[in-house]
Amino acid sequence: MGTAATMVLPLDREVRQFAPRFPGADFTVQDLIEHTSGLPRLHVGMGLVPFRDPYLPTIGAPLDPDSIVRSGDRGQFAYSNLGYALLGELLDDVDGNWFRTVRKQVLEPAGITTATTAPLETARVVPRRLGRPVKPWTMTGSPYAAAGGVWSTFEDLCRYADWALGDLDDPARTVAWQRRDATIWINGQVRAAGAAIVSAGGVTAVVHALAQRLFTPDRIASAVIERELAGRGERRR
């Protein structure tokens, strides 16, 4: 989503300047992409409640302009699904359909063919707890689908990693990734499913995990990279 938005939207303009229906959007498209807009993770009244699907009430309804209100300081990193839901609506405005834009700008160049926002139930792999399947949150048809409602296969997740990291001279490919020293990564989690792509020291690890704690994929990816780098050091001796 961040890459597609970078290629289509005016990065340095305040959102309210070209989308006046969001008068509270006193931040740029770049802020949305980099999670520095100051928007909260979810809009007010949509907090996570045990045993309740937080996205179900948003199905079929556009974002309420009154929900686009900063809760933090602009310029400071704070992960925001609301920000990416807003990006999706802006792409709808400019290009007709946010997922079609993502397909054109990212999925097709990366060779990804399985991605969808509306998978068949028989095609989904879902986590299980105490022997029972954990029903995924309902994001199809919600503005929040742009923030975490794309389904795909692990093989295509690997294809995305290869494409995004295959040309680091093109900053748009990893514009939404995080960086620390020589490490670059992207991660995400929706209910009981999570994924992470981490690259450091010339080694890239792609991990998808079900029914695990938050950031489990990140920890696994880091451990894989550390083991590989340690093995390389041993082989040089």
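The protein chain exposes about 13,100 Å², of which carbon and sulfur atoms supply 52%; accessible areas come from the Shrake-Rupley method with a 1.4 Å probe, and for residues only the protein chains shown count as cover. The model is predicted: local features need pLDDT of at least 70 and side-chain atom pairs count only at pLDDT 80 or more, while totals for chains, interfaces and linings use all residues. Residues are numbered from 1 along each chain as its sequence is written, and side-chain values use heavy atoms, with hydrogens and water left out.

Buried residues make up 42% of the 237 residues, where buried means under 20% relative accessible area (1.4 Å probe, protein chains only). A nonpolar core is a set of buried Ala, Val, Leu, Ile, Met, Phe, Trp, Tyr and Cys residues joined through side-chain atoms within 4.5 Å.

| Core | Size | Residues include |
|---|---|---|
| Largest nonpolar core | 48 residues | V15, I68, L86, L87, Y144 |
| Second, separate core | nine residues | W185, A205, V207, A221 |

Helix α4 (81-95) is among the elements that supply at least two of its residues, and α4 gives the most, with seven residues. Helices here are DSSP runs of H or I with at least four residues, and strands are runs of E with at least two, numbered from the N terminus.

Contact means heavy atoms within 4.5 Å. Leaving aside neighbours within four places in sequence, I68 is in contact with residues including F22, F27, L82 and L86.

Notes: Buried means under 20% relative accessible area, exposed over 50%, partly exposed in between (1.4 Å probe, protein chains only).
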